[in-house]
Amino acid sequence: MTAEFQIHIPPSFMALYVPPGKTKPTLGQRDMAQRYELCEDLANLLTEKAANLQFTLCITEDLVLQQCELGLLVEPAVVSPAEARWVVCRLAELLNWPMDPLLQSHPLQGHAS
């Protein structure tokens, strides 16, 4: 068994690649594992930056998360809008920050829980 197939990809991430009404993802296992690792790494890398932004700018956690999502989508973006949403939801989870219900119900939702 190769390393990429030993990675546990959460169902919330896999769901980003399953079209409505389908059961099979549009990406292969290897590609999905690479995309997941990128997004998980981004979420982890953003934890310190997000916490510092919230503290130094005295802004709400929701505003920090929104700014992070916008930053992830600046061209040339390395993640899709759906992946950016997943990264932000995962970031909130890592920081133990509550997610605004409007953000959670966004059609691009992809949180890691």
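Me: Which residues form one aromatic cluster?
Reply: F13, Y17, Y36 and W86 do. Before we go on, this is a predicted model, where local features need pLDDT of at least 70, side-chain atom pairs count only at pLDDT 80 or more, and totals for chains, interfaces and linings use all residues. Residues are numbered from 1 along each chain as its sequence is written, and side-chain values use heavy atoms, with hydrogens and water left out.

Me: OK, and how many aromatic pairs are there?
Reply: Four aromatic pairs. Rings of Phe, Tyr and Trp (its six-membered ring) pair if their centres lie within 6.5 Å; planes under 30 degrees apart are stacked, over 60 edge-to-face, and the rest tilted. One of the pairs is F13 with Y17, which is tilted, at 5.8 Å centre to centre and 55° between the planes.

Me: And why is the F13 and W86 pair called edge-to-face?
Reply: Because their planes sit at 80°, with the ring centres 5.1 Å apart. This pair links distant parts of the chain: F13 is in helix α1 (residues 11–14) and W86 in helix α4 (residues 81–95), 73 residues apart. Helices here are DSSP runs (H or I, at least four residues), numbered from the N terminus.

Me: Is F13 buried or exposed?
Reply: Buried, because its relative accessibility is 0%. The cut-offs are under 20% relative accessible area for buried, over 50% for exposed, and partly exposed in between (1.4 Å probe, protein chains only). Y17 is buried as well, at 14%.

Me: What is F13 in contact with?
Reply: Leaving aside neighbours within four places in sequence, F13 is in contact with M32, R35, Y36, C39, E83 and W86. Contact means heavy atoms within 4.5 Å.

Me: C39 is on that list, so where is C39?
Reply: In helix α2, and C39 is buried at 0% relative accessibility. Beyond four places in sequence, its contacts are F13, V79, E83, W86 and V87. The C-alpha atoms of C39 and V87 are separated by 5.7 Å, though the two are 48 residues apart along the chain.

Me: Switching topic: which residues touch the most other members of the largest nonpolar core?
Reply: F13, L65, L72 and V87, out of 25 residues in that core. A nonpolar core is a set of buried Ala, Val, Leu, Ile, Met, Phe, Trp, Tyr and Cys residues joined through side-chain atoms within 4.5 Å. Helices α2 (29–57), α3 and α4 each supply at least two residues, and α2 gives the most, with eight.
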